[in-house]
Amino acid sequence: SSFISTMQQQQLSQQQDFDPVHRFKMLIPLLKDSLQNVMAIASLNFGHNAAIDNGLKTTEKGNDAAVQRFDKSLEEFYALCDQLELCLRLAHECLSQSIDSTKHSPNLVPTATKPDTVQTESLFYSQYLSMIKSQISCAKDIHNALFECSKKIAGKVQGACN
């Protein structure tokens, strides 16, 4: 029982890792912490540089050791921003694919193993086959049109070279 529970938790964890919305939500607190770190380091560096400008500190190596690297913290912040952007783009792409899928195949086909899933909009298998055949026919027409076009382009290129 505990083995099955552990397996289910691992599967849930793996699904969440691939879910761009979940990953986005996990990255937001990290981004917030990173921004706070950038601001804190910028503040410390600003104070340190102001002290040097006012002659209160010298620019010896020993004094610079206490100052943290602003560029590294800013790089970490930008890396998190890039990850968030990728998550949002992936989520948008998933949504677009889902919408396209619904638009081009809007109705479910009930299966023999789950006859209770029959809905009012469900297609019969014969209707589903008809829809798939029309999609295949359309794909073949597009393929043939592209093939003919490429032959015409290839012919014109060979004619121009001679």
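**Cysteines, helices and a nonpolar core**

Visitor: Is cysteine 81 buried, exposed or partly exposed?
Guide: The relative accessibility of cysteine 81 is 25%. Buried means under 20% relative accessible area and exposed means over 50%, with partly exposed in between (1.4 Å probe, protein chains only). Cysteine 81 therefore counts as partly exposed.

Visitor: What kind of model is this, and at which pLDDT do side-chain atom pairs count?
Guide: Residues are numbered from 1 along each chain as its sequence is written, and side-chain values use heavy atoms, with hydrogens and water left out. The model is predicted: totals for chains, interfaces and linings use all residues, local features need pLDDT of at least 70, and side-chain atom pairs count only at pLDDT 80 or more.

Visitor: How many disulfides does a search of the whole structure find?
Guide: A disulfide is a pair of cysteine sulfur atoms within 2.5 Å. Cysteine 149, for its part, is partly exposed, with a relative accessible area of 40%. The number of disulfides found in the whole structure is 0.

Visitor: In what order do the elements of the protein run from the N terminus?
Guide: Helices (H or I, at least four residues) and strands (E, at least two) are DSSP runs, numbered from the N terminus. The protein has 5 helices and 0 strands. From the N terminus on, the order is α-α-α-α-α.

Visitor: How far apart are the end C-alpha atoms of helix α4?
Guide: Helix α4 covers residues 70-104, which is 35 residues. The expected span of a helix is 1.5 Å times one less than its number of residues, so α4 should span 51 Å. The model agrees, with the end C-alpha atoms apart by 51 Å.

Visitor: Which residues does serine 73 contact, leaving aside its neighbours within four places in sequence?
Guide: Serine 73 lies in helix α4 and is buried, because its relative accessible area is 4%. Contact means heavy atoms within 4.5 Å. With neighbours within four places left aside, the partners of serine 73 are Ser34, Asn37, Val38 and Ile41.

Visitor: What does leucine 31 touch, not counting residues up to four places away in sequence?
Guide: The cover over the buried residues of α4 includes α2 (20-53). Leucine 31 belongs to the largest nonpolar core. Beyond four places in sequence, leucine 31 touches Phe77, Leu80, Cys81 and Leu84.

Visitor: How many aromatic pairs does the structure hold, and is the pair stacked, edge-to-face or tilted?
Guide: Rings of Phe, Tyr and Trp (its six-membered ring) pair if their centres lie within 6.5 Å; planes under 30 degrees apart count as stacked, over 60 as edge-to-face and the rest as tilted. The structure holds 1 such pair. The rings of phenylalanine 77 and tyrosine 78 have centres 5.9 Å apart and planes at 55°, so this pair is tilted.

Visitor: What distance separates the C-alpha atoms of leucine 44 and glutamine 68?
Guide: Leucine 44 is in helix α2 and counts as exposed, at 56% relative accessibility. Leucine 44 and glutamine 68 are 24 residues apart along the chain, and their C-alpha atoms are separated by 8.1 Å.

Methods:
Core = buried A, V, L, I, M, F, W, Y, C linked by side-chain atoms within 4.5 Å.
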